[in-house]
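Hi,

Here is the structure I said I would pass on.

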Amino acid sequence: MSKKITVFGATGNLGNRIIRELSRRGAQVQAIVRPGTDSEKIQTLQQSGAEVQEVDLTIVNALAQAVAGSHCVVSALAGLGEVIIDLQKRVLEATVQAGVPRFIPSDFCTDYTDLVPGENRNFDLRREFRSHLDRAPIQASSIFNGAFADILQYNTPILNLKDKSIGYWGDKADWKLDFTTMDDTAAFTAEVALDEESPRDLQIASFQVSPRSLWQDVKTATDQEFRLQPLSSLEDFAAFIKKQRADYPAGEQELYARWQQGQYMYSMFTTHHTKVANKRYPHLTWTSSLDFIRSFVR
Ligand SMILES: NC(=O)c1ccc[n+]([C@@H]2O[C@H](COP(=O)([O-])OP(=O)(O)OC[C@H]3O[C@@H](n4cnc5c(N)ncnc54)[C@H](OP(=O)(O)O)[C@@H]3O)[C@@H](O)[C@H]2O)c1
């Protein structure tokens, strides 16, 4: 009998892809969406093979009824405290109440477990939810994918296509940065959702690339030599982000305020994945840095 997997955040960018990957693997897929969700979004999920249920996400009993009979609940929800802590806590409580044995939280980021609390607001939210999850009588697996490789297209200081520059902080021109495409993350997540033996934490990366090797890949892909440039010390970067945050209080209500993007890049230059679990499911293939860069540069 195929396993039933329930996905929250299914209408999102990552959630949609997880639904597709689960369907491909023959799972019975259920997508929980908010009441009043756009009919086009619901149709897309149904076409991907999901059974869609609109559920009042404020009522734990309603959530428990919805997830009953699942083998695993996957959260790909995105948001600030009211989502990552409050909503995920209700979903977790309902999952436990319904007797579902496994839960995958919406981590999908750099492995923050070795990082210092207070350095990254969005990681702190995940850390707080993690402390609830680890007290709950349920088997949990977190997936740490580093940064979504997609950010390489958005002209950040790490790769700026307009300026033709590749930047790095400190003396870290050879420091490996973890990038995973959303599709690779979704495929791996589907495997984990179906894998009853999966461990608590799983680090992955489609590619681990240093600023210097990124420079080389960009050169190979474009035949152009971008500037490889040191930006500032990591200490100065941390101080800059702190000031940027203090100067922009409205960012506390924004998921991806500029200072939060800075915090993310800072984390990428202070920790990286050393126990990559890419080979756990040998049939999975991973996008290479060069193939990914070739997909968007000319
Ligand atoms: N590592 C990285 O570089 C990186 C980058 C981006 C995202 N992420 C992470 O990846 C995960 C998925 O992100 P994504 O980009 O796929 O997100 P997304 O496209 O913005 O989708 C967010 C999902 O959460 C749901 N949601 C948001 N607020 C909600 C609320 N208040 N109540 C109920 N549902 C709510 C949305 O439902 P509706 O459709 O109903 O709004 C949607 O299904 C998140 O953990 C995110 O932080 C990581």
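**Helix pairs, domains and the ligand**

H8 and H9 cross in a left-handed way. Keep in mind throughout that this is a predicted model. Helix H8 covers residues 234-246 and helix H9 covers residues 258-268, and the two pack at about 160 degrees with 9 Å between their axes. Angles over 145 degrees count as roughly antiparallel, and that makes H8 roughly antiparallel to H9. On the H8 side you will find Phe-237, Ala-238, Ile-241, Gln-244 and Arg-245, and they meet Arg-258, Trp-259, Gly-262, Gln-263 and Tyr-266 of H9. Sorted by class, that contact has 5 nonpolar, 3 polar and 2 charged residues.

Now for H4 and H5. Helix H4 runs over residues 81-97, and it packs against H5 at an angle of about 15 degrees, the axes being 9 Å apart. With an angle like that, H4 is roughly parallel to H5. The crossing here is right-handed. From H4, the residues involved are Gly-81, Ile-84, Ile-85, Gln-88, Lys-89 and Leu-92, while H5 brings Leu-125, Arg-126, Glu-128, Phe-129, His-132 and Leu-133. The contact of H4 with H5 splits into 6 nonpolar, 3 polar and 3 charged residues.

The next pair is H1 and H6, whose axes lie 8 Å apart at an angle of about 55 degrees. That makes H1 oblique to H6. The crossing of H1 and H6 is right-handed. Asn-13, Leu-14, Arg-17, Ile-18, Glu-21 and Leu-22 are the H1 residues in this contact, and they meet a set from H6 that includes Met-182, Asp-183, Thr-185 and Ala-186. Also in the H6 set are Ala-187, Thr-189, Ala-190 and Ala-193. By class, the contact of H1 with H6 has 8 nonpolar, 3 polar and 3 charged residues.

On to the domains. The assignment for the protein chain gives two segments to domain 1, 4-145 and 179-203, and gives domain 2 the segments 149-176, 208-272 and 286-294. Their C-alpha centres are 28 Å apart. Where they touch, domain 1 puts in 17 residues and domain 2 puts in 16 residues. Which elements give two or more residues to the domain 1 side? They are helix H5 (121-133), strand S10 (177-180) and helix H6 (182-194). H5 gives the most, with 3 residues. The domain 1 side as a whole divides into 6 nonpolar, 6 polar and 5 charged residues.

Last, the ligand. It is surrounded by 23 residues, and the closest are Thr-11, Gly-12, Asn-13, Leu-14 and Ala-78. Helix H1 (13-24), H4 and strand S8 (147-148) are the elements that give two or more residues to this shell. H1 has the largest share of the shell, at 3 residues. By class, the shell has 13 nonpolar, 9 polar and 1 charged residues. Asn-13 and Leu-14, listed among the closest to the ligand, also take part in the contact of H1 with H6.

That is what I have so far.

Cheers

Definitions and conventions
Residues are numbered from 1 along each chain as its sequence is written. This is a predicted model: local features need pLDDT of at least 70, side-chain atom pairs count only at pLDDT 80 or more; totals for chains, interfaces and linings use all residues. Domain bounds come from an automatic or database domain assignment. Two residues are in contact if their C-beta atoms, placed from the backbone, lie within 7 Å. Helices (H or I, at least four residues) and strands (E, at least two) are DSSP runs, numbered from the N terminus. Ala, Val, Leu, Ile, Met, Phe, Trp, Tyr, Cys and Pro count as nonpolar, Asp, Glu, Lys and Arg as charged, and the others, Gly among them, as polar. Axes are lines fitted to C-alpha atoms, for helices over the stretch in contact, and angles run from 0 to 180 degrees between N-to-C directions. Angles under 35 degrees count as roughly parallel, over 145 as roughly antiparallel, 65 to 115 as roughly perpendicular and the rest as oblique. A crossing is left-handed if the near helix is turned anticlockwise from the far one by less than a right angle, and right-handed if clockwise. A residue is near a molecule or strand if its C-beta atom, placed from the backbone, lies within 6 Å of it.
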